[in-house]
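Welcome, and thanks for taking a look. Below is a short briefing to read alongside the sequence and the 3D view.

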Amino acid sequence: MKKLFTSALAVACVFSSLTSCGNTEKPASKCTAENQICTIDTMVAESIVLPAAQTTGGMPIYDAMSARATYRNFSSDALSDQTISNLLWMATGVNRASADDPRLTAPTARNAQEIDVYVCTKSAVYLYHPVGHKLTLVTKGDYRAKAGNNPFHANSGVDLIFVANYDKMEGFDEHGKSFYGATDAAYVSQNVYLFCAAENLKTCVCGNIDREEIAKFIHLKNGYVTLSQPVGK
Ligand SMILES: Cc1cc2nc3c(=O)[nH]c(=O)nc-3n(C[C@H](O)[C@H](O)[C@H](O)COP(=O)(O)O)c2cc1C
């Protein structure tokens, strides 16, 4: 059991000096001074390579579409590492791998691939990188409550924030950046809705958010915070 957990840990985490719970020198079953189990939810690491996502099977698409709905009553139960991995892949992961032309589960205007997904966990905010299927640290701390103005954000498993990264939209005029940035974020959101429907999870896309506050804690340089979307049980 201990061996199993250690190898799962090795797959899930790429550690750095900032890591608070992934130090392989520590007992595998403990990850912090508070004796938390080491999961994406509880760790702070510079970079986390996600477990390989499930990319086949699951609920039939017709059934998922029939079940798609908004829920605002999260239980505060954590999501597993595998669920977070699957969620991010479904949102906007690479579904057609290629060294020079990787394509994503969500379409984007002119294939700009400009929607950055930030992941607020109980411990940190990460940026998702579809290529490499990994997370990189943006800031330490629990920012779920600041990811939206409704009270239920604080109680989610993870809160996703969709940002149109204008550095990736250089060929677009101002209207194009605004229009396609918002449009492309909506596809990611619907992917998340369908994932949640298929996995019996709850989600609510939210426009009622403090974009200035979010821009500050994600250190946004050139882009627009479109929507946030808490996901939980
Ligand atoms: C762009 C957009 C923004 C939304 N913003 C919020 C929000 O800030 N807070 C909220 O509780 N629901 C929000 N919703 C969810 C809608 O209220 C919900 O989709 C609608 O009531 C229909 O319910 P359904 O998704 O279950 O079909 C938003 C939905 C969309 C599409």
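Which residues does Asp184 touch, not counting residues up to four places away in sequence? They are Ala106, Thr108, Ala109, Glu114, Ile115 and Ala164, where two residues are in contact if their C-beta atoms, placed from the backbone, lie within 7 Å. Please keep in mind that this is a predicted model, in which local features need pLDDT of at least 70, side-chain atom pairs count only at pLDDT 80 or more, and totals for chains, interfaces and linings use all residues. Residues are numbered from 1 along each chain as its sequence is written.

**The overall picture**

- The protein has five helices and nine strands; helices (H or I, at least four residues) and strands (E, at least two) are DSSP runs, numbered from the N terminus.
- Along the sequence, these elements follow the pattern α-β-α-α-β-β-β-β-β-β-α-β-α-β.
- Of the 233 residues in the protein, 42% are buried. A residue is buried if 20 or more other C-beta atoms lie within 10 Å of its own, exposed if 12 or fewer, and partly exposed in between, with C-beta atoms placed from the backbone.
- Among contacts with a separation of 6 or more, 69% are between residues 24 or more positions apart.

**The sheet**

- Seven strands make an open, antiparallel sheet in the order E1-E6-E5-E4-E7-E9-E8; two strands pair if DSSP finds at least two bridges between them.
- At the edges are strand E1 (47-49) and strand E8 (202-203), each of which pairs on one side only.
- Three antiparallel bridges link E1 to strand E6 (residues 134-140), and Val49 has Lys134 in E6 as its bridge partner.
- E5 and E6 are antiparallel and share six bridges, with Tyr126 opposite Leu137 in E6.
- The hairpin of E5 and E6 has four residues between the strands, and Gly132 there takes a positive phi near 95 degrees.
- E4 and E5 run antiparallel and are joined by three bridges, with Cys120 opposite Val125 in E5.
- Six antiparallel bridges pair E4 with E7, where Ile115 faces Ala164.
- E7 also pairs with E9, in the antiparallel sense and over eight bridges; here Leu160 stands opposite Gln229.
- Seven of the eight residues of E7 are buried, so this strand is largely enclosed by the rest of the structure.

- Helix H4 (residues 174-199) lies across E4, E7, E8 and E9, and runs at about 10 degrees to E9.

**The nonpolar core**

- In soluble globular proteins, nonpolar side chains tend to be buried together.
- The largest nonpolar core has 53 residues, of which Val117, Val119, Ile161 and Val192 touch the most other members. Such a core is a set of buried Ala, Val, Leu, Ile, Met, Phe, Trp, Tyr and Cys residues joined through C-beta atoms within 7 Å.
- At least two residues of this core come from each of H3, E4, E5, E7, H4 and E9, and H4 gives the most, with eight residues.
- Beyond its neighbours within four places in sequence, Ile161 is in contact with Tyr118, Cys120, Ala147, Ile214, Ile218, Val225 and Ser228.

- Ile218 lies in the loop between helix H5 (211-217) and E9, and it counts as buried because it has 21 C-beta neighbours inside 10 Å.
- From C-alpha to C-alpha, Ile218 and Cys120 are 10.0 Å apart in space, while 98 residues separate them in sequence.
- Asp184 is in helix H4 and is buried, with 25 other C-beta atoms within 10 Å.
- Asp184 and Phe162 are 22 residues apart in sequence and 9.6 Å apart in space, C-alpha to C-alpha.

**Around the ligand**

- The residues around the ligand are Ala69, Thr70, Arg72, Asn150, Cys204, Val205, Cys206, Gly207, Asn208 and Leu227, counted as near if the C-beta atom, placed from the backbone, lies within 6 Å of it.

Conventions
Axes are lines fitted to C-alpha atoms, for helices over the stretch in contact, and angles run from 0 to 180 degrees between N-to-C directions.
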